[in-house]
Amino acid sequence: MARHNKSEAGGEVTRAVTTRVTFPLAVAPRCRLTSVVNGPSTGILSRGSREEQLRVLLAVCLVPIILTAVAGYQVYRSRTYATTPWKGGGFGMFSTIDFPPARVQRVYLVLGDLSIPIALDGRFDESMRLLRNIPQPEVLSNVARVLTEFRWVYPADRYPTPVPELTAQSGADLQVLGHGEDVPFGFRMVPYEAIRLEVWRYSFESKSAKAGLKIMSEATAAREYNQGASR
Amino acid sequence: MSTDAHHTQGLVASFGEMDTVDVVTRLSALHLLMHIAGHGGQVLGPLGLACAMLGLVSSRLGRAAGYWAIMTVILCARVFLDTDQLDNHFYLSMYWSGALAVSLCLPAERQADALSLNAKWLLGLCMLFAVLWKIISPDYMSGAFFHFFMVADNRFHDLAKLFGGLTQANLDHNFRVFSEVQDPLTPLHEYVVRLELPEGLRGLAVLMTWWTIVIEAAIAVVFLVPASRGIIKARHAVLLVFGFTTYLVATVKGFGIALMIMGYANTPIEWKRTRVAYLVAIVYIEITAMGVLGFLT
């Protein structure tokens with residue numbers, strides 16, 4: 001079976017020839033183990049005792065097997081949990097417009113029928129990143145529940161009535177307070193009832209060259225208690 | 001003229017005859033230092049940088065399996081902490097670091113071959129997964145990905161201006177649209193995304209779509225099928241073409257340089273010109289990442 005090919009391809013080809021073994025690993029205890037890994041191209045790695053061959057096999061197979069396992073798991077995660085194919089070790093970059101910057105979240109304070117989109121500051125970057133990366137309704141619900149523990153305030157001089165006449169455009173006037181932070185002078189708390197979160201992504205149709213936005217996931221968490229608008 | 005040719009041949013010979021493991025370990029340490037190790041937060045980042053620096057300056061350390069095992073642990077820790085944030089070239093470089101660790105555990109005369117085989121498998125598998133993702137992604141196969149991406153990602157703007165008819169006015173308009181969508185106060189339920197896309201962009205997108213998937217599939221095939229002399233030649237030809245074309249446009253130098261280092265490690269020792277071509281490709285990718293196409297627009 002063996003033929004010696006002294007080609008300029010050198011190493012891999014010239015060494016391969018003495019190792020062309022076709023027996024399966026399990027039934028051929030004396031076969032060259034690494035030939036199973038790489039076909040007829042692993043000559044120098046097939047020399048030595050069985051123990052040495054096993055060491056070589058491990059050195060050559062371990063990392064590629066890990067790569068395959070991680071990449072396969074990433075395909076599964078992306079399909080199951082809608083994580084972006086661009087990240088996570090699956091080599092799905094440059095395959096879809098669903099890349100991280102193309103996902104956007106929206107956060108709303110809900111007061112009855114009114115939903116006010118609000119801007120969060122840098123303190124919430126990590127949690128917003130999490131829900132964009134894994135936009136599962138459960139993740140959104142958890143983040144929304146945590147957000148309901150925060151208080152939002154509005155400037156009393158802009159909304160002077162006892163029940164503030166907030167609109168869907170009032171978001172720019174609202175500020176979030178940290179835990180234990182006092183309500184600043186001249187501000188009042190927003191009596192919101194729930195927080196709604198949405199994660200969106202772009203869509204694009206190449207033939208008509210039309211872009212759009214579609215919602216990936218959404219969740220609402222009710223506030224456990226209402227602190228009212230006073231103070 | 002003949003003196004120049006003689007000098008060139010001498011240079012190729014001297015580069016080509018360098019010890020494979022030595023070159024690969026130094027290049028890998030340099031690559032990690034420049035593109036990978038710094039991305040690690042306040043602890044892992046400086047630790048990774050210091051480790052990469054040591055491997056670069058000390059040949060002895062760079063050839064030690066333990067050194068690469070420590071480097072791999074640092075990179076793995078980063079992956080565990082930030083699985084969904086890291087780019088694929090971080091993962092690929094981590095695998096390569098692991099491959100160096102396990103290959104350098106072997107007796108000295110087997111290390112280069114073990115590295116060569118690891119490089120072959122890692123190159124083939126990462127391209128295989130890249131192609132699989134493209135095939136299962138409707139965005140990609142319809143041409144929508146590159147069509148949209150050439151206006152959405154600034155790395156592609158120069159190419160789109162040169163060959164797709166995109167103007168600065170188009171870019172400014174589209175930038176305003178993207179900024180509006182990013183604005184957290186903009187309600188999205190009724191929002192209409194009106195991008196300006198010139199006619200010529202679709203043809204360019206279709207061309208890029210097929211070129212990319214064909215060359216990546218070719219790399220996957222030639223690196224994963226059993227070797228013959230012709231296949232080995234094809235491997236390096238296709239990988240070098242990929243390196244010299246792709247990274248002129250997609251300036252992801254961390255990924256490109258990792259691929260070229262693996263290509264170098266997989267090159268038979270007798271193929272001096274091919275080895276030099278990989279070294280040139282590494283420098284080329286580093287330079288093109290500065291945005292060479294931008295000088296033409």
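Does A:H179 count as buried or exposed, and how many C-beta neighbours does A:H179 have inside 10 Å? In the predicted model described here, A:H179 has 7 C-beta neighbours inside 10 Å and therefore counts as exposed, the limit for that class being 12 or fewer. A:H179 lies in the loop of chain A that runs between β4 (175–177) and β5 (187–189). Although A:H179 and A:F150 are separated by 29 residues in the sequence, their C-alpha atoms are 6.8 Å apart in space.

Chain A also contains an open sheet of four strands, arranged in the order β2-β1-β6-β7 and paired in antiparallel fashion. The edges of this sheet are taken by β2 (114–118) and β7 (210–222) of chain A, each of which has a single partner strand, so that one side of each remains without a neighbour in the sheet. On average, and with direction ignored, neighbouring strands are turned by 30° against each other. Strands of a sheet pair through backbone hydrogen bonds, in either a parallel or an antiparallel manner.

Within the sheet, β1(A) and β6(A) run antiparallel and are joined by eight bridges, and A:L109 stands opposite A:I195 in β6(A). Strand β6 of chain A, which covers residues 194–205, is in turn joined to β7(A) by twelve bridges, again in the antiparallel sense. Along this pairing, A:L197 stands opposite A:A219 in β7(A), while A:F204 has A:A211 of β7(A) as its bridge partner. The hairpin formed by β6(A) and β7(A) has four residues between the strands, and in this hairpin A:A209 takes a positive phi near 55°. Helix α4 of chain A (residues 125–133) packs on the sheet, where it touches β1 (103–111) and β6 of chain A, and the direction of the helix makes about 115° with that of β1(A).

In chain B, helix α12 (residues 200–224) consists of 25 residues and reaches 37 Å from its first C-alpha to its last, a span close to the 36 Å expected at 1.5 Å a residue. The buried residues of α12(B) include B:L201, B:L204, B:A205, B:M208 and B:T209, together with B:E216, B:I219 and B:F223. These buried positions pack against α7 (108–136), α8 (138–141), α9, α10 (157–163) and α13 (229–249) of chain B.

The axes of α9 (residues 144–152) and α12 of chain B come within 8 Å and cross at roughly 120°, and the crossing is right-handed. On the side of α9(B), the residues involved are B:F146, B:H147 and B:M150, which meet B:L201, B:R202, B:A205, B:M208 and B:T209 in α12(B). By class, the residues of this contact comprise five nonpolar, two polar and one charged. Of the residues on the α12(B) side of the contact, B:L201, B:A205, B:M208 and B:T209 are among those buried in the helix.

The contact between the two chains takes 61 residues from chain B and 61 residues from chain A. On the side of chain B that touches chain A, two or more residues are given by each of α6 (88–103), α7, α8, α9, α11 (168–182), α12 and α13 of chain B. Among these elements α7(B) gives the most, with 14 residues. The residues on this side of chain B divide by class into 39 nonpolar, 13 polar and nine charged.

Note on methods: Residues numbered from 1 in each chain as written. Chains lettered and ligands numbered in written order. Predicted model: local features only at pLDDT ≥ 70, side-chain atom pairs only at ≥ 80, totals over all residues. Axes fitted to C-alpha atoms, helices over the stretch in contact; angles between N-to-C directions. Left-handed = near helix turned anticlockwise from the far one by under 90°. Contact = placed C-beta atoms within 7 Å. Nonpolar A, V, L, I, M, F, W, Y, C, P; charged D, E, K, R; others polar. Pairing = 2+ DSSP bridges. Expected span 1.5 Å × (residues − 1). Buried ≥ 20, exposed ≤ 12 C-beta atoms within 10 Å, placed from the backbone.
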